[in-house]
Amino acid sequence: MRTLFASSIWNGCRRPFHQEIAHQKRLTPWKYWCPLIALFSGLRREKVARLRKDDFDTSNGVWLLRIQATYDRRLKSKAAIREVPVHSTLIELGLRDFVDGLSRKATLFPDLRPTGAYKEYGEQLGKWFRTYR
């Protein structure tokens with residue numbers, strides 16, 4: 001894990017959502033943020049890939065990620081409904097700035113599209129991450 005996250009994608013640029021260059025390729029926001037959000041929150045790839053701006057909220061001064069069923073997202077059980085505090089490292093890396101810069105109900109990663117046999121948004125993320133790893 002240390003070796004992987006020490007690579008240039010996560011260390012070579014501080015503000016990837018401004019399309020900074022890493023390895024001479026344009027770095028899309030989902031390639032930077034999705035693995036980090038999964039690492040620091042414990043969310044699975046599909047949950048991370050489908051995040052929207054309105055999934056983030058503040059309660060008692062703590063920035064939270066609300067995991068909840070919506071009209072277009074299902075959860076496996078009622079126990080899956082939860083609030084996850086956003087890790088301070090993600091805030092330091094600029095996740096809050098990235099989320100605040102989006103329009104009100106925007107998806108965080110509009111470049112991710114449903115693919116694969118089950119039409120999952122996280123399929124594209126999984127394929128890219130396996131190749132990168």
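**A cavity and its surroundings**

Author: The largest cavity of this predicted model has a volume of about 40 Å³.

Reader: What counts as a cavity, and how is a volume defined?

Author: On a 1 Å grid over the protein atoms alone, a cavity is a set of points where a 1.4 Å probe fits but cannot get out. Grid points are joined across faces, edges and corners, and a volume is the space filled by probe spheres set on the points.

Reader: How many cavities of 30 Å³ or more does a search of the whole structure find?

Author: The search finds one.

Reader: Which residues line the largest cavity?

Author: The lining consists of Ile-37, Ser-41, Phe-56, Leu-65, Val-84, Pro-85, Val-86, Leu-90 and Leu-95; lining residues have an atom within 4 Å of a point. Eight of the lining residues are nonpolar, one is polar and none is charged. Here Ala, Val, Leu, Ile, Met, Phe, Trp, Tyr, Cys and Pro count as nonpolar, Asp, Glu, Lys and Arg as charged, and the others, Gly among them, as polar.

Reader: Which elements each supply at least two residues of that lining?

Author: They are helix 3 (29–41) and strand 5 (82–85). Helices (H or I, at least four residues) and strands (E, at least two) are DSSP runs, numbered from the N terminus.

Reader: Which residues of helix 3 are buried?

Author: They are Pro-29, Trp-30, Tyr-32, Trp-33, Cys-34, Pro-35, Leu-36 and Ile-37, where buried means under 20% relative accessible area with a 1.4 Å probe, protein chains only. Ile-37 also lines the largest cavity. After helix 3 comes Gly-42, with a positive phi near 80°.

Reader: How many bridges join strand 3 and strand 4?

Author: Strand 3 and strand 4 (residues 62–67) pair over four bridges. Phe-56 stands opposite Leu-65 in strand 4, and both residues line the largest cavity.

Reader: How many helices and strands does the protein have?

Author: It has seven helices and five strands. Of its 133 residues, 41% count as buried.

Reader: How are residues numbered, and which limits apply to the model?

Author: Residues are numbered from 1 along each chain as its sequence is written, and side-chain values use heavy atoms, with hydrogens and water left out. In this predicted model, local features need pLDDT of at least 70 and side-chain atom pairs count only at pLDDT 80 or more, while totals for chains, interfaces and linings use all residues.

Key:
On a 1 Å grid over the protein atoms alone, a cavity is a set of points where a 1.4 Å probe fits but cannot get out, and a pocket is an open set with protein on both sides within 12 Å along at least five of seven lines; lining residues have an atom within 4 Å of a point. Two strands pair if DSSP finds at least two bridges between them. Buried means under 20% relative accessible area, exposed over 50%, partly exposed in between (1.4 Å probe, protein chains only).
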